Amino acid sequence: MLAGVAMISKRKIAVAGGLGCGGTKGTGWTRWTVDRMDGAFVLFSWDAGVLIGAVRIDILSLFPNICQGALAESIIKRAQSKELVTIKSHDIRDWARDKHHITDAPPYGGGQGMVMKAEPIFEAVEEICNGSPGAKVVLMSPAGRTLTQKIAAEYSKEEHVVIVCGHYEGVDQRVVDHLCHDEISIGDYVLTNGAIAATVFVDAFVRLIPGVLGDEGSAADDSFAKGLLEFPQYTRPVEYRGWRVPDVLLSGHHGEIAKWRAQKSLEKTQKNRPDLLL
Ligand SMILES: C[S@@+](CC[C@H](N)C(=O)[O-])C[C@H]1O[C@@H](n2cnc3c(N)ncnc32)[C@H](O)[C@@H]1O
C-alpha cells in the first residue's frame, strides 16, 4: 500500500507525515481519504466500494423518519458527509411477512397494549448483519443500562451498531434474550417509542468518533468526561444587562483561568449532581 501508513485498528490507519487533509485520492486499486484526527493524519480507505474506515449504524424502528430527520442536521450530518459514519434508518414493517405488515400482537397472559413481534425484528437484524459478524445489536429500552458518557465512548469504538427500537408495550422478550447484546435506556422515564431514544444514543456516541467534532478538545472538556460537570461558559458581550463576565476569564492568565474553571466545575457538580462526587 502507501509508504508511511500504519494500521492503528481495523477502522483506522495512521499516516506518518503530512500527506494532506480531507482529500480523496485514487491509487489504482483502492481509494483513500486523509483526514486530521488527534493531531495526526488518518487515512480511511475503500475496498470494492465499501468505506473501511466508516462506522456503520443501522436503526430499526416503526418510525424511521424520526431518526432520519434528527440525524440529518449539524455535526452528525457533517460526519456522514465526511464519511466517518454511515447511518441508515429502516422500517421494521418491511420485514413483516403478512399482507398488512403487522408487527405487533396482544401480550400472552393478558394485559394492556400490544407487544412487538419477534419475527420481523429477528429477520431484519439477521439480514442487516449478514456479512457483519462483529455487529453489536442494541435494544433501546427503559429497562436497559442507563446511558452514560462512558458507555457512549465505548460505542464510539464499535465498527457496526444495529439499534432496535421498541413501541407500544415493548418487544417480545426473545428479542432481548436471543438477538440483542445490550439494552440501553436514556434515562429513568418512559418515552412513546425507541426511535427518539435511539437518536439520543447515536448522537451521544457519534460525536465521540475521532474526527467528528471540529475541535477534538471540545469533548475532553465536556460534562462527565472527567467525572464532573462542565464549568460555566461565557461569550460576547463582556456586559449584558449589567451582568459581567468574570474578570478572570478576561485576564489572559491561563493558569488562573484553569484554576477558576476547576473550582466552578466542582461547585456546579456539588450543587446539581452531588451523586457524581460519591
Ligand atoms: C412505551 S415504551 C415501553 C415501555 C415498557 N412497557 C416498560 O415499561 O418498560 C416503548 C418503547 O420506547 C422505547 N423507550 C421508552 N423509554 C425509553 C427510555 N427511557 N430509554 C430507551 N428507550 C425507551 C423502548 O424502545 C420501548 O420499547
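Which residues does Ile121 touch, not counting residues up to four places away in sequence?

**Figure 1. Overview of the predicted model.** The protein has nine helices and 15 strands. Of its 278 residues, 26% count as buried. Among contacts with a separation of 6 or more, 68% are made by residues 24 or more positions apart.

**Figure 2. Ile121 in the largest nonpolar core.** Leaving out residues up to four places away in sequence, Ile121 touches Leu60, Ile92, Met116, Val164, Val171, Val175 and Leu179. The core itself has 46 residues. Those with the most contacts inside this core are Leu60, Val85, Ile121, Ile163, Val164, Ala198 and Phe201. Helix H6 gives the largest share of this core, seven residues. Two of the names in the contact list of Ile121, Leu60 and Val164, are also among the residues with the most contacts inside the core.

**Figure 3. Helix H6, residues 194-206.** H6 has 13 residues. From its first C-alpha to its last, the helix reaches 18 Å, close to the 18 Å expected at 1.5 Å a residue. The buried residues of H6 are Gly194, Ala195, Ala197, Ala198, Thr199, Phe201, Val202, Phe205 and Val206. Of these, Ala198 and Phe201 are listed with the most contacts inside the largest nonpolar core. In an α-helix, residues three or four places apart point the same way, because there are 3.6 residues a turn.

**Figure 4. The shell around the ligand.** The ligand is surrounded by 20 residues, and the closest are Met140, Gly166, Leu191, Gly194 and Ala197. Gly194 and Ala197 are also buried residues of H6. Strand S11 (136-146) and H6 each supply at least two residues of the shell. S11 provides the largest share, four residues. By type, the shell holds ten nonpolar residues, nine polar and one charged.

**Figure 5. Pro64 in helix H1.** Pro64 lies in H1, which covers residues 64-70. Is Pro64 buried or partly exposed? Pro64 is partly exposed, because 19 other C-beta atoms lie within 10 Å, whereas a buried residue has 20 or more. Not counting residues up to four places away in sequence, Pro64 touches Ser89, His90 and Asp91. Pro64 and Ser89 are 25 residues apart in sequence, yet 5.1 Å apart in space, C-alpha to C-alpha.

Key
Residues numbered from 1 in each chain as written. Predicted model: local features only at pLDDT ≥ 70, side-chain atom pairs only at ≥ 80, totals over all residues. Expected span 1.5 Å × (residues − 1). Buried ≥ 20, exposed ≤ 12 C-beta atoms within 10 Å, placed from the backbone. Near = placed C-beta within 6 Å. Nonpolar A, V, L, I, M, F, W, Y, C, P; charged D, E, K, R; others polar. Contact = placed C-beta atoms within 7 Å. Core = buried A, V, L, I, M, F, W, Y, C linked by C-beta atoms within 7 Å.
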